[in-house]
Amino acid sequence: MKRQHYFLTYFLLLILQILICNYLHVSPYLMLSILPVMILMLPIRFGTVFAMILAFVSGLAVDFLAEGVIGLNALALVPVALARKGIIYLIFGSEFFARKEDISIRKHGVTKMSVALVMAQTLFLLIYIWADGAATRPFLFNTIRFAVSLAAGLLLSLLLSHTLATNDHDL
């Protein structure tokens, strides 16, 4: 996928996230976010600083246009961008950076992709739920919200990871 196509896809998925936040209120236990997969799947040539700036801007866009609490998604997404290369290194190995290849579910498999997505979603959700008033809600509510949101977010992220893969079309 060419660079301009990647950012067009990213922008369309950002609009999808805004629509999900505005119109998909299934349960108070479900907080569905595709933002972590969008940041995790950034082409590897983009560094951590760029990923953090993009995460901040994307999070603020969702906060401003959908959530209502300005800074909540940005607060939870910037640490995902900071941890992105560490997650990739831990799951896919150091040779991944030497080859300068991008993450692909076709090349790396569903298992490795799932583990990476669980790590990114977990970091995002822990910060998001904590900042969204964890001290004012019961622990059981927050635990159920975390588990339900992680499961649903993982499934949706796995489906979208193929859309964001920059090199799947070259195989």
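Predicted model: local features only at pLDDT ≥ 70, side-chain atom pairs only at ≥ 80, totals over all residues.

Residues are numbered from 1 along each chain as its sequence is written, and side-chain values use heavy atoms, with hydrogens and water left out.

Let's begin with the helices. Helices here are DSSP runs (H or I, at least four residues), numbered from the N terminus. A helix has an expected span, which is 1.5 Å times one less than its number of residues. Find H7 first: its 26 residues reach 35 Å from the first C-alpha to the last, close to the expected 38 Å. H7 also has a kink of about 30°, centred on Leu 158. A bend at a residue is the angle between two axes, one fitted to the seven residues ending there and one to the seven starting there.

Now turn to H4, where 21 residues reach 29 Å, close to the expected 30 Å. H4 bends by about 45° at Ala 83. After H4 comes Gly 93, with a positive phi near 95°.

Next, look inside. Residues count as buried at under 20% relative accessible area, exposed at over 50%, and partly exposed in between, using a 1.4 Å probe and protein chains only. In soluble globular proteins, nonpolar side chains tend to be buried together. A nonpolar core is a set of buried Ala, Val, Leu, Ile, Met, Phe, Trp, Tyr and Cys residues joined through side-chain atoms within 4.5 Å. The largest one has 49 residues, and those touching the most other members are Met 38, Ile 39, Leu 40, Met 41, Ile 103 and Phe 124. Helices H1 (3-23), H2 (35-40), H3 (48-67), H4 (72-92), H6 (105-131) and H7 (139-164) each supply at least two residues of this core.

Aromatic rings come next. Rings of Phe, Tyr and Trp (its six-membered ring) pair if their centres lie within 6.5 Å; planes under 30 degrees apart count as stacked, over 60 as edge-to-face and the rest as tilted. The whole structure holds 7 such aromatic pairs. In one of them, the ring centres of Tyr 6 and Tyr 10 are 6.5 Å apart and the planes lie at 35°, so the pair is tilted. These two residues are 4 apart in helix H1, so about one helical turn separates them. Tyr 6 and Tyr 10 are both buried. Phe 124 and Tyr 128 form a stacked pair, 5.8 Å centre to centre with 25° between the planes. They too are 4 residues apart, in helix H6, and are separated by about one helical turn. Both Phe 124 and Tyr 128 are buried. Ring pairs also link Tyr 6, Phe 7, Tyr 10, Phe 46 and Phe 50 into a cluster.

Which residues lie nearest the centre of the largest pocket? They are Leu 24, His 25, Leu 30, Met 31 and Glu 67, out of 14 lining residues. H1 and H3 each supply at least two residues of that lining.

Finally, visit a few single residues. Ser 58 lies in helix H3 and is buried, with a relative accessible area of 1%. Its C-alpha is 12 Å from that of Ser 33, 25 residues away along the chain. Ser 149, in helix H7, is buried with a relative accessible area of 1%. Ser 149 and Ser 33 are 116 residues apart in sequence, yet 8.1 Å apart in space, C-alpha to C-alpha.

Key. 1 Å grid on protein atoms, 1.4 Å probe; cavity = no way out; pocket = protein on both sides within 12 Å on 5 of 7 lines; lining within 4 Å.
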